[in-house]
Amino acid sequence: MNVQDLYAISPLIVLVTWATLLILVDVYIIRDRNGGTPILAALGLLVAMGFAIAQTGQQYTAFNGMAVVDGFAIFLQVLFLGSGLVGIALAYNYLQRMGIERSEYYILLLYSISGMMLMAIAADLIVVFLALELLSIPLYVLAGFGRPKVEPEEAALKYFLLGAFAGGFVVYGIALAFGATATTSLAGIVQAVNAGSANLTLLSIGAALILIGLGFKVAAVPFHMWTPDVYQGAPSAVTAFMSVGAKAGGFAALLRVFVSALPELAADLSPVLWVLAALTMILGNVVAIAQGNIKRLLAYSSIAHAGYILMALVVFGNTQVSSDAVAAALFYLVAYAVTSFGAWAVVIALEKAEQKGLALDDYAGLGRKYPGLAAAMAVFMLSFTGVPPTLGFVGKLYLFRTVLEGGFIWLAVIGVLTSLVSAYYYLRIVVIMYMRDGDPQVHAEPWLRLTAGVTAVATVVLSLYAGPLFAWASQAVLKLF
Amino acid sequence: MIPLSYFLVFAAALFSIGLYGVLARRNAIAILMGVELMLNAVNINLVAFWRYITPTQIAGQAFAVMVFAVAAAEVAVGLALVISIYRRRNTVVADDIDLLKF
């Protein structure tokens with residue numbers, strides 16, 4: 001271990017140290033609930049983000065190839081830290097309003113983000129597993145943060161049982177990959193496959209098990225059953241963070257492992273991913289139509305969007321397209337993060353205690369009474385659908401383009417058709433907001449307004465200047481050597 | 001010496017038993033035990049692969065130790081959640097915990 005190793009994980013060190021000290025500071029110095037802890041937590045995220053951005057443009061491995069710093073890692077670390085900041089902004093007033101203000105929320109959030117950041121720099125399957133658990137375990141607790149109420153506890157138990165189950169698959173797959181190639185390092189796996197010393201059958205089985213486990217994490221059909229229940233039961237601020245952070249963390253692992261270590265298995269795995277992506281898009285969008293609860297609707301919407309991102313993974317074996325595909329997936333993750341956080345900010349503004357204010361009918365009349373909030377929600381719904389000029393549209397454009405370049409025309413067709421289906425339920429919310437009379441009750445605290453406003457503006461403005469953002473994502477190609 | 005495949009078949013059987021436990025049992029504690037069996041199967045695999053394929057490197061063993069540690073952390077959180085639910089509902093049977101329907 002030398003100084004460069006420590007420098008490679010400096011954002012992670014900062015964040016973990018900060019979170020650990022924050023526990024003590026919160027207990028011994030701040031004492032009163034919700035005093036300075038959120039601000040200090042946000043400050044920690046900003047400092048860690050500074051360390052992450054300072055590494056821009058660098059490219060090296062650390063800890064004997066266990067960790068790697070590259071564009072991909074830095075891009076994702078900034079995305080995770082940014083989603084942590086929004087997670088704090090969304091929770092700040094929400095926790096007070098729901099009577100669950102405990103400063104552990106912010107500390108657990110920081111720990112969960114540290115897991116996601118470890119995932120971004122992982123270059124070894126052991127680190128991938130460790131990061132997955134570090135990401136998940138704080139999220140299990142956060143999902144049950146609304147205790148002692150019944151729904152959050154159930155959501156947390158469900159999330160925990162399925163998460164642990166999925167973790168078992170991932171680690172069994174990793175063990176088989178280790179047996180097949182005699183190494184857990186991603187670079188080592190590539191070398192073993194190229195040298196012909198790997199047992200490809202065993203490696204394929206291992207990769208399939210890893211795919212199943214991570215499929216649970218990103219909520220891909222048929223491993224999605226937990227998503228609506230957990231999203232509905234967990235406190236909305238946690239759900240917002242989970243729908244962005246946990247999904248992006250899962251995709252970070254999928255992209256890193258499949259694109260950089262297993263391109264040789266594409267002939268076996270691409271068809272499987274094709275079916276997964278198609279099923280996820282179809283089922284997510286079709287079932288979302290039937291939902292009357294906004295949290296469940298957004299849960300199915302998040303399943304559907306996982307399907308769109310999975311499309312980028314289908315071309316992982318085609319080395320000419322795969323770096324474009326990674327860039328498109330990263331861009332779509334950003335687009336989804338911005339849009340999703342905005343939509344959840346509006347949901348949180350309308351939510352009331354005891355799971356009230358979450359029916360679609362509660363949005364009736366929002367357009368007349370709170371035009372700003374309704375306009376923001378309309379922007380988010382259009383972006384989810386993929387209507388220009390929004391980030392969602394540009395993201396889908398890039399995704400469909402890479403899929404077509406990879407030669408998967410029917411998958412792109414399914415993607416377009418399911419987007420059309422999704423227009424029905426997204427636009428129904430817009431119709432309810434503007435065409436129906438009602439008397440919505442809104443608690444739009446400053447932080448919520450700010451989040452909704454900034455994300456709405458970003459959704460539109462960033463789509464007009466999508467080129468530079470995509471160029472940044474394109475630099476984030478995966479390099480291991 | 002016992003061939004490697006014996007260990008792998010045993011581990012696969014153990015994994016399948018754990019899988020069956022998770023899918024078939026309704027009690028949250030029993031489901032958790034199924035998950036633990038799955039993780040133990042992984043450890044058997046790791047140690048067997050280490051012994052037969054890379055006996056000179058420590059990575060396989062180190063990984064097995066990490067799996068223990070993570071499993072312990074997971075169980076700590078899981079049992080806390082189970083106790084929290086039990087205090088409220090007086091049941092840990094998954095069929096009775098049905099407020100949020102599948």
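Q: Which side chains does Arg256(A) or Asp70(A) meet in a salt bridge, and at what N to O distance?
A: The general idea comes first. Side chains of opposite charge can pair when their charged atoms come close. In this predicted model, Arg256(A) and Asp70(A) pair with each other at 2.9 Å, N to O. The pair links distant parts of the chain, 186 residues apart. Arg256(A) sits in helix α11 of chain A, and Asp70(A) in the loop between β2 (67-69) and α4 (71-97).

Q: Is Arg256(A) buried or exposed?
A: Arg256(A) is buried, and Asp70(A) is buried too.

Q: How many salt bridges are there over all chains?
A: The count comes to 8. One of the others joins Asp229(A) and Lys158(A), at 3.3 Å from N to O. Here helix α10 of chain A, which holds Asp229(A), is linked to helix α7, which holds Lys158(A). The two residues are 71 apart in the chain. Both Asp229(A) and Lys158(A) are buried.

Q: Which residues do salt bridges that share partners join into one network?
A: Lys158(A), Asp229(A) and Arg296(A) form that network.

Q: Why is α10(A) described as largely enclosed by the rest of the structure?
A: Count the buried residues in the helix. In α10(A) they are 8 of 8, so the rest of the structure largely encloses this helix. Trp226(A), Asp229(A) and Tyr231(A) are among them. The buried residues pack against α7, α9 (200-218), α11 (236-261) and α13 (294-314) of chain A.

Q: How many residues does each chain bring to the contact between chain A and chain B?
A: Chain A brings 39 residues and chain B brings 43. Next, read the area. About 3,700 Å² is buried between the two chains, and carbon and sulfur atoms give 79% of that. Glu154(A), Tyr172(A) and Phe178(A) supply 18% of the area that chain A buries against chain B, more than any other three residues.

Q: How many salt bridges are there between chain A and chain B?
A: The count is 1. Glu153(A) pairs with Arg88(B), with the closest N and O atoms 3.6 Å apart.

Q: Which elements of chain A each supply at least two residues to the side that touches chain B?
A: They are α6 (125-143), α7 (150-181) and α10 (226-233). Of the elements, α7(A) gives the most to that side, with 21 residues. By residue class, the side of chain A that touches chain B has 25 nonpolar, 5 polar and 9 charged residues.

Q: What is the secondary structure of chain B?
A: Chain B has 3 helices and 0 strands. From the N terminus, the elements run α-α-α. For overall form, compare the radius of gyration with the globule rule. The radius for chain B is 17 Å, well over the 13 Å that the rule gives for 102 residues, so chain B is more spread out than a compact globule. Its C-alpha atoms fill a box of roughly 50 × 25 × 20 Å along the principal axes. Of its 102 residues, 40% count as buried. Take contacts in chain B between residues at least 6 apart in sequence: 57% join residues at least 24 apart.

Q: Where in chain A does a cis peptide bond join two residues?
A: Read omega. The bond joining Val221(A) and Pro222(A) is cis, with omega about 5°. Pro222(A) lies in the loop between α9 and α10. Another cis bond joins Pro388(A) and Pro389(A), with omega about -5°. Pro389(A) lies in the loop between α16 (371-385) and α17 (391-405).

Q: What is phi of Phe63(A)?
A: Phi is near 50°, a positive value in a residue other than glycine. Phe63(A) is in the loop between β1 (60-62) and β2 of chain A. At 23% relative accessibility, Phe63(A) counts as partly exposed. Asn64(A) also has a positive phi, of about 55°. Asn64(A) lies in the loop between β1 and β2, and is exposed with a relative accessible area of 83%.

Technical notes
Residues are numbered from 1 along each chain as its sequence is written. Chains are lettered from A and ligands numbered from 1 in the order in which they are written. This is a predicted model: local features need pLDDT of at least 70, side-chain atom pairs count only at pLDDT 80 or more; totals for chains, interfaces and linings use all residues. Side-chain values use heavy atoms; hydrogens and water are left out. Contact means heavy atoms within 4.5 Å. Buried area is the accessible area (1.4 Å probe) that two parts lose on being put together, summed over both. A salt bridge is a side-chain nitrogen of Lys or Arg within 4 Å of a carboxyl oxygen of Asp or Glu. Helices (H or I, at least four residues) and strands (E, at least two) are DSSP runs, numbered from the N terminus. Ala, Val, Leu, Ile, Met, Phe, Trp, Tyr, Cys and Pro count as nonpolar, Asp, Glu, Lys and Arg as charged, and the others, Gly among them, as polar. Buried means under 20% relative accessible area, exposed over 50%, partly exposed in between (1.4 Å probe, protein chains only). The radius of gyration is taken over C-alpha atoms; the globule rule is 2.2 Å times the number of residues to the power 0.38.
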